[in-house]
Amino acid sequence: MEKLTIEMFEEATEKVNKVVLPTPLVYSDFFSRQCGNKVYLKPENIQHTGAYKIRGAYYKISTLPKNEREKGLITASAGNHAQGVAYAAQRYGVKAVIVMPTSTPLMKVNRTKSYGAEVILYGDVYDDACNEAYRLAQENGYTFIHPFNDIEVCAGQGTIAMEIIKELPTVDYILVPIGGGGLATGVSTLVKLLNPGIKVIGVEPAGANCMQQSIKEDKVVTLTTAQTIADGTAVKTPGDITFEYVKRNIDEIITVEDDELIEAYLDMVENHKMVCENSGLLTIAALKHLTFKEKKVVSILSGGNMDIITMSSMIQHGLIQRGRIFTVSVLLPDKPGQLAQVSEVIAGEQGNVVKLEHNQFVSINRNAAVELRITLECFGMDHRDTIMNRLEIEGYRPKLVRTNL
């Protein structure tokens, strides 16, 4: 197997600099205070294609002989590698076919098409799409560009580490998301070649921790499912090439739950006015898991390709999760003026009514015949509890209702 070398990373850096935007580190006061370290963000979410994947795709395609490119390129991707390949193919003036899981957000599909690629939707997760892409490559003679299990692709992704160390040579820790392992391989390998003292921590979604499980069993394993809102890292089987490099060069793997990604989304939007997709937020959610303090930490924000509907859902779920939006049910006598009285109680505690549902048919008991469901905006859990206690004192016997708005 061809090995990743300093020379390869240097060549990749020279090549990808022709197509990538500069992504200088952003110091984060908020996340630094939150975890007790000096936290810097590497915002790959602002790249041309909205993610770091352009690096590996472009470098790989640049190394192909002309006849290999002109056969047409094909790949499988949950979205970001798809756009990287499509963009690079457009730059080289060659055909690109992209197979994407049927669950891929519409924005990623449309953006991939906008670069002139043919998009085929197939399967539930990346692994299904990849198998179909291999079949089509064999059938049509296309050149397959693997999204992560490829040395040149990994070298292209590793150019991120070159930039980080050049800008912040005293960095102590770099946090990198892991799906199939291409980014983690490139970053960790170059870091260990340049400065073995720098620690690299991989971060996976808890519902798709294929690399962590593989390292635990010391062999490549395939998960039965990859259930996570981080669709870009919903991979069931890591690469056999990336597995070997990650096992050797990654110092630790942290897993985060989907609820933590929702929290991280709100934190990024509110404090940095920055949109990151869920896979790009893995390294932000992981900051709360760090056991060390007073170190210089770089979190790689791997992408920002999130569609508007998902953004809306993330905000709603996040507000509910933090207690800033909640729904309460109260039973009222069926007589005039009751709604006004409840509203007065809520207003007295500075609650803001978002929605009301009034149901007169829950009971034949005229003294408690109307169920009123009130969705409220408040300042957080403590404020929510204050409103609930006030309703209890006023005799409304409030009950919290689980809701997704």
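The largest pocket in this predicted model has a volume of about 440 Å³. A pocket here is an open set of points on a 1 Å grid over the protein atoms alone, with protein on both sides within 12 Å along at least five of seven lines, and lining residues have an atom within 4 Å of a point. Grid points are joined across faces, edges and corners, and the volume is the space filled by probe spheres set on the points. Of the 26 residues that line the largest pocket, Ser-103, Thr-228, Ile-229, Asp-231 and Asn-278 are the closest to its centre. Helix 12 (258–272) and helix 14 (308–321) are the elements that give two or more residues to this lining, and helix 14 provides the largest share, four residues. Helices (H or I, at least four residues) and strands (E, at least two) are DSSP runs, numbered from the N terminus.

A search of the whole structure finds one cavity of 30 Å³ or more; a cavity is a set of grid points where a 1.4 Å probe fits but cannot get out. Its lining has 27 residues, and those closest to the centre are Tyr-52, Lys-53, Gly-179, Gly-232 and Thr-233. Helix 5 (80–92) and helix 9 (182–194) each give two or more residues to the lining, with helix 9 giving the most, three residues.

Here are the two spaces side by side. Ala, Val, Leu, Ile, Met, Phe, Trp, Tyr, Cys and Pro count as nonpolar, Asp, Glu, Lys and Arg as charged, and the others, Gly among them, as polar.

| Space | Volume | Lining by class |
|---|---|---|
| Largest pocket | about 440 Å³ | eleven nonpolar, nine polar and six charged residues |
| Largest cavity | about 320 Å³ | eleven nonpolar, twelve polar and four charged residues |

Next, the interior. Buried residues (under 20% relative accessible area with a 1.4 Å probe, protein chains only; exposed is over 50%, partly exposed in between) make up 57% of the 405 residues in the protein. Leaving aside neighbours within four places in sequence, Val-298 is in contact (heavy atoms within 4.5 Å) with residues including Leu-25, Tyr-40, Ile-164 and Ile-174.

Helix 7 (residues 126–140) has 15 residues and reaches 21 Å from its first C-alpha to its last, close to the 21 Å expected, a span taken as 1.5 Å times one less than the number of residues. Its buried residues include Tyr-126, Cys-130 and Leu-136, and the buried residues pack against strand 3 (73–76), strand 4 (96–100), strand 5 (118–121) and strand 6 (143–144). After helix 7 comes Gly-141, with a positive phi near 75°.

Ala-51 sits in the loop between strand 2 (38–43) and helix 3 (54–63). Ala-51 is buried, with a relative accessible area of 0%. Apart from neighbours within four places in sequence, Ala-51 is in contact with Glu-44, Asn-80, Ser-302, Gly-303 and Asn-305.

Residues are numbered from 1 along each chain as its sequence is written. In this predicted model, local features need pLDDT of at least 70, side-chain atom pairs count only at pLDDT 80 or more, and totals for chains, interfaces and linings use all residues, while side-chain values use heavy atoms, with hydrogens and water left out.
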